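Subject: Handover of a structure and notes on its contents

Dear colleague,

Please find the structure below, followed by a short account of what was found in it. I would be grateful if you read the notes with the structure open.

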Amino acid sequence: MLLTPNGMNLVDLHVYVDGSAALLTDHLYDFTYAEKTPDFPLPFTYPPFAAVVFFPLHFLPFTVVAMLWLFAIVAALYWVVRIAFELMLGREALREARWRTAMVAWTAVGLWFEPVRTTIDYGQVNVFLMLGVMVAIRSSRWWLSGTLVGAVAGIKLTPAISGLYFVARRRWAAAVWSAAVFGLTVAASFLINPEETRRYFGTLLGDADRIGPVGSVWNQSLRGALSRLLGSDVGTGPWWIAGVAVAAVLGWCAWRALRRDDLLGTVLIVQLFGLLVSPISWSHHWGWLLPTVLWLLYGPYRAVPGARILAGYWLVTTLIGAPWVLSFLQDSIWTISRWGVWSWFGTVYVLGALACYGWIVWAGRTTSRTATVPADLSPGPAPRPVP
């Protein structure tokens with residue numbers, strides 16, 4: 001990043017820092033950053049609570065913020081990997097040297113996953129939000145789990161899908177409290193800037209065109225994939241509804257096929273569903289693919305045929321960066337055209353997620369759902385997952 005001409009552009013971090021400086025004015029959502037992106041001036045698109053969180057950053061030199069931000073992403077990614085291993089193997093296993101080595105090694109590999117390296121390139125917030133959710137599912141305290149999910153949803157709406165995890169695990173107190181905390185973030189934003197809070201939740205919420213080009217290959221949601229296949233934005237019409245229905249049925253069947261104690265598997269099914277049904281899921285939103293690969297290689301179904309094939313699929317597509325490669329074939333990020341076979345290549349994340357669902361359903365039917373790791377993740381010795 002230091003040695004390439006545009007390596008330290010960090011355009012989204014500029015939006016966070018410069019945009020949040022307008023928090024106390026009535027122009028928060030009029031702000032755009034165009035210095036490095038003249039063809040698409042970047043607006044501040046997050047809820048007003050995000051501006052509250054980012055507001056202190058504009059008092060610091062941007063270079064200082066940028067360097068600290070990048071190192072923090074690496075540290076956060078390590079803890080995402082660490083918690084994933086803990087959820088699969090138990091805390092005692094992490095004391096072994098081989099697992100400590102594996103955690104560091106997978107963090108290094110994960111930095112080169114296209115969703116993560118794009119997050120680093122843009123200075124995005126995704127890995128921090130992912131860590132917040134991972135800490136929430138790791139904790140058995142309803143108030144801590146609910147606070148974390150509610151707060152990260154207040155910063156960026158997409159993590160709100162994590163509430164389905166609490167429902168799936170029947171953690172009703174955490175589910176209700178996460179919704180309450182999200183409401184508190186809205187209330188706090190209203191107290192600080194009522195005009196822009198009304199504007200965001202009244203008119204801007206749900207405006208996908210303001211966020212970016214739906215048909216761009218960078219958008220790896222169902223809506224983006226279907227739009228590229230059909231040649232025009234499908235919106236929330238019949239094609240999108242059918243796609244969501246398929247994803248919902250497959251996701252529900254996959255959840256039912258999981259082992260009862262599989263916390264990581266549950267949250268991955270929920271997060272993949274959120275990425276599929278969101279109007280826009282930029283490729284850098286798909287950081288959840290790193291824990292997905294870990295779950296396939298080390299999780300309870302790791303010995304089931306096909307687990308390594310799926311893990312290999314995700315490794316190849318993310319390390320190469322299929323959306324990044326295909327982006328060079330776009331005439332414009334705003335043009336939705338029928339590319340023939342290229343439009344199918346542009347569905348790599350969507351088809352991969354649906355294939356994961358289908359494989360989990362099959363794997364669950366071929367193995368026992370007997371619990372193998374204590375659900376409360378107690379500090380005592382925990383048996384290893386046995387296929």
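The buried residues of helix 12 (residues 222–230) pack against helix 11 (208–211), helix 13 (238–257), helix 14, helix 18 (341–345) and helix 19 (348–366). Helices here are DSSP runs of H or I with at least four residues, strands are runs of E with at least two, and both are numbered from the N terminus. Please note that this is a predicted model, in which local features need pLDDT of at least 70 and side-chain atom pairs count only at pLDDT 80 or more, while totals for chains, interfaces and linings use all residues. Residues are numbered from 1 along each chain as its sequence is written, and side-chain values use heavy atoms, with hydrogens and water left out.

Why is helix 12 described as largely enclosed by the rest of the structure? Seven of its nine residues are buried, where buried means under 20% relative accessible area, exposed means over 50%, and partly exposed lies in between (1.4 Å probe, protein chains only). The buried residues are Leu222, Arg223, Gly224, Ala225, Leu226, Ser227 and Arg228. After helix 12 comes Gly231, which has a positive phi, near 90 degrees.

Two histidines come next. Both His284 and His285 lie in the loop between helix 14 (263–277) and helix 15 (289–298). His284 is buried because its relative accessible area is 5%, and His285 counts as buried at 13%. Which residues does His284 touch, not counting those up to four places away in sequence? They are Asp12, Pro115, Thr118, Thr119, Tyr122, Gln124 and Asn126, a contact being heavy atoms within 4.5 Å. With neighbours within four places in sequence left aside, His285 is in contact with Asn126, Lys156, Leu275 and Ile280.

The next topic is charge pairing. Side chains of opposite charge can pair when their charged atoms come close. The structure holds eight salt bridges, each defined as a side-chain nitrogen of Lys or Arg within 4 Å of a carboxyl oxygen of Asp or Glu. Glu86 takes part in a salt bridge with Arg91 (2.9 Å, N to O) and in another with Arg138, where the closest N and O atoms are 3.0 Å apart. The pair of Arg138 in helix 6 (residues 126–138) and Glu86 in helix 3 (residues 62–89) links distant parts of the chain, 52 residues apart. Glu86 is buried, with a relative accessible area of 4%, whereas Arg91 is partly exposed at 29% and Arg138 is partly exposed at 31%.

A further salt bridge joins Glu195 and Arg198, with the closest N and O atoms 3.6 Å apart. About one helical turn separates Glu195 from Arg198, because they are three residues apart in helix 10 (residues 194–204). Glu195 is partly exposed at 42% relative accessible area, and Arg198 is partly exposed at 48%. Salt bridges that share partners also join Asp30, Glu196 and Arg199 into one network.

Finally, an unreviewed UniProt entry annotates "transmembrane region" at several spans, including residues 311–329 and 341–362; its positions follow the numbering used here, feature names are shortened, and annotations may be inferred rather than shown by experiment. In the model, residues 311–329 are 84% helix and 0% strand, with end C-alpha atoms 27 Å apart. Residues 341–362 are 91% helix and 0% strand, and their end C-alpha atoms lie 29 Å apart.

Yours sincerely
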